[in-house]
Amino acid sequence: MKSNNLKAWLYLLPAILFLGVFMVYPLIDVLIYSVEEGYNSASQTSYGTGLYNYSYVLHDPYFLQAIKNTFIIVIITVPLSTGLALLISLGLNSIKKLKELFQTIFFLPYVTNTLAVGLVFMIMFKKTPYTDGLINMILALFGKGPVDFIDGPYWAKMFVMCFYTVWVVLPFKILILTSALASVDEVYYKAAKIDGTPRLRIFTRITLPMISPMIFYLVITGFIGAFKAYSDEVAIFGTNLNAAGMNTIVGYVYDMLYGDSGGYPSYASAAALILFAIVFTITCINLLISRKQPV
Amino acid sequence: MKIRLEHLTKRFPNRNKKIASEVIAVNDFDFEIPDGKLIGLLGPSGCGKSTALNLICGLEVPTEGKIFFDDDDVTKLPPENRGVGMVFQSYALYPHLTVRKNIMFPLENLKGDKKLTREQMEEKVMEAAKTVQIEELLDRRPNEMSGGQQQRVAIARALVKMPRVLLLDEPLSNLDARLRIQTREEIKRIQNTTGITTIFVTHDQEEAMSISDMIVVMKEGVVNQIGKPQEVYDNPVNLFVAKFLGTPPINVYNGSVKGGELYIGEDKILGKDFVKDVKDQDVYVGIRPEGFVLDENLEGKKGALKAELKAIEVMGRDTSVVFKHASSENPSRAIVTADNNISSSSGEIRFDVNPKKVFVFAKDSEERLI
């Protein structure tokens, strides 16, 4: 038994080493940075330890704005994208002709570069002295005035942001859900048909419970992904997100490290750990809810 | 309730586009299934049995023909309006629901004046569970039960609506050998107690023979023979039916009718009184394993059919004699009583045959001649 145990540890050693060096050590390091007050990266010295960094970050209006933005993006895009993906998957699953073609079309955004797509979105929504942009032209048809989506009011910018985020995360969710739907055995639907089950009931009582593990997977990874949003914002609003009022938590961390206001690894670490705490809590809640489901 | 099929035909377009022809899964079914009986739909894999079942339950729409339940034409009715209960080969129990909820599922779909209260539903579920004897399993989930128990739950779910017809698709194929025998008796019992006309599909002739009141033998979408199991066994209409029924299977030889007598190779098996008015021709001769007669005292030294003894298999109640005759490609098997104590297991062996167990089929059409 004893030598067996030793062997087992030996087998695990490479993985443990890698995880230790590249995951655990940096995490601990971040924790240390976050409590070192007045840390100077040039001299690698600090005045002392304490929670001042957290206090600073939590009182920083930019950070509060970032938290607000992040939460709005999460709360709007995760349910919306998952629901939309489910609808589209159901549609894809029930058509026979051109199914592959549509699947490919819906999957295309996934293989496209987000920055390039962001640029396209910006052009579609942007209002310049020369043109109002495609979206405003469509709005004009309905007699609604031009709105500057990129440099205009907060809600307009947030709308573009959420629209874009949903659009970007949709393909992966559709991919997962169509395969989940396809993996539900046809015989259950036959059995339900013989019993004269209405379509809606088939969906709520059979389809949904059967694909619920996949839906939970998408919701959990969706939450995590949305909380970590950053590059999508840069794609549309440029690198100076604080000025645009569209910064996210990860964006704030980045700015604190390398941005114009950068050079504060301690503040960045504190902000990163706050984000970690938020994501961890939300994921735990998600898992608790999913465990209650009779799967 | 009796079921009448009138020229029922189902054709599927061929998946292979290079072949223009259609696949005829069910070809001109035209027979009546009597009320309250257990019917076995029997045939080799891919002969259209399951399609026939799907047509009767309404999951498939026939290309031609009509289906009547008593005098109601149900051909165009959707499954839920036909009053059928179906048990699928894989049972199709909803894995996320308990047994109770699985059985209740069909009841919850009832609408209008058929709608039941919770209490009535509970009562009906209990009743169905009692019929198949699974009362103590009601709060389990399907994956916490054995195959046999799942099978019973599936039957209970099919029965709970009190269907007019119960359909079972290969009900025993997912069970192990011992459970299979137990469950088939169980199906017979349930059918007897409920009195619901029951049709089940199987490729296992023993299964079909043992519990059916009537069997329908199919081949490539065509009904070959319908009748009581024993009648079909004793009087097969063609070589296919003769071969398909019976374990061990019937022994088939190349034979001939010459001068009004039946020959296998050079051996004259049966005389004029058996052959009667079949004109001289080459034929297939089928002899059931139990149709061989050994002369006890002579230890197989006398008899019309001469063959080379290959092996003796003692099975206790009776003895299986394996031998090879030049007129048959495969070794033959005879079942004789254990009283025949054959000493050697090689050399020549001779049999007489019981004329009731001998069938003669035409070479070309494989139809029965005698």
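In the largest nonpolar core of this predicted model, a nonpolar core being a set of buried Ala, Val, Leu, Ile, Met, Phe, Trp, Tyr and Cys residues joined through side-chain atoms within 4.5 Å, B:Phe69 and B:Leu167 touch the most other members among 79 residues. Buried here denotes under 20% relative accessible area, with exposed over 50% and partly exposed in between (1.4 Å probe, protein chains only). Beyond its neighbours within four places in sequence, B:Leu167 is in contact (heavy atoms within 4.5 Å) with residues including B:Leu53, B:Ile56, B:Val84 and B:Ile199. A second, separate core of 34 residues includes B:Leu38, B:Tyr91, B:Met104 and B:Leu159.

Residues are numbered from 1 along each chain as its sequence is written, and chains are lettered from A and ligands numbered from 1 in the order in which they are written. Local features need pLDDT of at least 70 and side-chain atom pairs count only at pLDDT 80 or more, while totals for chains, interfaces and linings use all residues, and side-chain values use heavy atoms, with hydrogens and water left out.

Strand 11 of chain B (residues 251-258) is largely enclosed by the rest of the structure, because six of its eight residues are buried; strands (E, at least two residues) and helices (H or I, at least four) are DSSP runs numbered from the N terminus. Strand 11 of chain B pairs in the antiparallel sense with strand 14 of chain B (residues 281-287) over seven bridges, pairing requiring at least two DSSP bridges between two strands, and B:Val257 stands opposite B:Gln281. Strand 11 of chain B also pairs in the antiparallel sense with strand 12 of chain B (residues 261-264), over four bridges.
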